[in-house]
Amino acid sequence: MPDTMVTLRNLVRRFGDFVAVDNVSLDVAKGEVFGFLGPNGAGKSTTIRILCGLIAPTSGTAKVAGFEVGPESEQIRRHIGYMSQKFSLYDDLSVEENIEFFGGLYGVEGERLQQRKQYVLEMAGLTTKRNEITAMLAGGWKQRLALGCAILHEPPVLFLDEPTSGVDPIARRQFWDLIYGLSEAGSTIFVTTHYMEEAEYCNRIALMYKGRMIALGTPSELKRERNLPSMEEVFIQSIEKEDAKEEAKA
């Protein structure tokens with residue numbers, strides 16, 4: 001596996017006249033927790049869908065785990081885990097049945113499935129809830145189960161698209177503890193969020209606005225460069241500057 005696990009070069013995605021992703025370039029290193037921060041409609045989820053090989057870019061290139069988006073999207077899908085805010089779980093199945101179902105989708109079978117299932121149950125703290133119907137779980141528990149199902153096949157790159165949306169602050173913080181553990185074990189985590197406080201949890205972040213990447217760096221770098229105390233203020237200032245540029249052009 002390469003040291004750079006995600007690479008974007010001049011990535012563009014248009015839907016008719018609307019530019020959802022506008023000339024984005026960046027690199028994400030192995031083991032990094034990289035955050036895409038921005039409001040709804042900023043282009044975060046569209047970028048994730050491109051990197052997962054679900055939609056093609058209009059122009060530009062992208063690589064994930066050494067494979068090129070487009071020609072090698074099938075290989076990419078075998079080397080990534082994906083989790084969305086909707087969790088993609090089956091509510092009428094038990095916790096254990098969901099794990100077994102996703103194991104089958106990922107080709108995890110036999111003894112390896114048993115080992116991975118036990119790992120997921122322990123990692124997510126769901127051992128005592130293994131027989132509970134998923135629909136009866138609280139949001140935070142569903143979130144942990146969805147993460148466990150996404151990493152059953154031990155993917156080197158994990159995409160988390162707004163994974164903490166709709167859960168309480170305590171569950172969000174516990175979820176980030178799980179993310180740190182995966183990163184320390186060598187997984188590369190690419191996470192989108194619109195929660196400003198979560199930017200502080202990432203090794204580096206890209207600020208996205210109207211499809212464009214308007215800032216890139218560590219949280220401390222971005223705050224220091226602008227002499228501001230919080231990422232929320234950094235983001236607000238960055239947006240105001242972008243809007244001022246657009247007004248000057250008009």
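Ala, Val, Leu, Ile, Met, Phe, Trp, Tyr, Cys and Pro count here as nonpolar, Asp, Glu, Lys and Arg as charged, and the others, Gly among them, as polar. The structure in these views is a predicted model, in which local features need pLDDT of at least 70 and side-chain atom pairs count only at pLDDT 80 or more, whereas totals for chains, interfaces and linings use all residues. Residues are numbered from 1 along each chain as its sequence is written, and side-chain values use heavy atoms, with hydrogens and water left out.

**View 1. The second largest pocket holds about 240 Å³ of space.**
Of the 14 residues that line the second largest pocket, Arg116, Tyr119, Leu182, Ala185 and Ser187 are the closest to its centre. A pocket is found on a 1 Å grid over the protein atoms alone, as an open set of points where a 1.4 Å probe fits, with protein on both sides within 12 Å along at least five of seven lines, and its lining residues have an atom within 4 Å of a point. Grid points are joined across faces, edges and corners, and the volume is the space filled by probe spheres set on the points. By class, the lining of the second largest pocket has eight nonpolar, three polar and three charged residues. Helix 4 (110-123) and helix 6 (169-184) each supply at least two residues of this lining, and helix 6 gives the most, with four residues. Helices (H or I, at least four residues) and strands (E, at least two) are DSSP runs, numbered from the N terminus.

**View 2. The largest pocket has a volume of about 480 Å³.**
Its lining counts 21 residues, of which Arg77, Ile80, Gly81, Tyr82 and Tyr106 are the closest to the centre. Helix 2 (73-78), strand 6 (80-84), helix 3 and helix 5 (139-150) each supply at least two residues of the lining, and strand 6 provides the largest share, five residues. By class, the lining of the largest pocket has 14 nonpolar, four polar and three charged residues.

**View 3. Lysine 44 and glutamate 162 form a salt bridge, their closest N and O atoms being 3.5 Å apart.**
A salt bridge is a side-chain nitrogen of Lys or Arg within 4 Å of a carboxyl oxygen of Asp or Glu, and a search of the whole structure finds 21 of them. Lysine 44 lies in helix 1 (residues 44-51) and glutamate 162 in the loop between strand 7 (157-161) and helix 6, so the pair ties together parts that are 118 residues apart in sequence. Both lysine 44 and glutamate 162 are buried, where buried means under 20% relative accessible area, exposed over 50%, and partly exposed in between (1.4 Å probe, protein chains only).

**View 4. Arginine 112 and glutamate 154 meet through their side chains in a salt bridge (3.3 Å, N to O).**
This pair links distant parts of the chain, with arginine 112 in helix 4 and glutamate 154 in the loop between helix 5 and strand 7, 42 residues apart. Arginine 112 is partly exposed, with a relative accessible area of 35%, and glutamate 154 also counts as partly exposed, at 49% relative accessibility.

**View 5. Lys210, Arg212, Glu242, Asp243, Lys245 and Glu246 are linked in a network of salt bridges.**
Within this group, lysine 245 forms a salt bridge with glutamate 242, the closest N and O atoms being 3.5 Å apart. Because lysine 245 and glutamate 242 are three residues apart in helix 9 (residues 231-249), about one helical turn separates them. Glutamate 242 is buried, with a relative accessible area of 12%.
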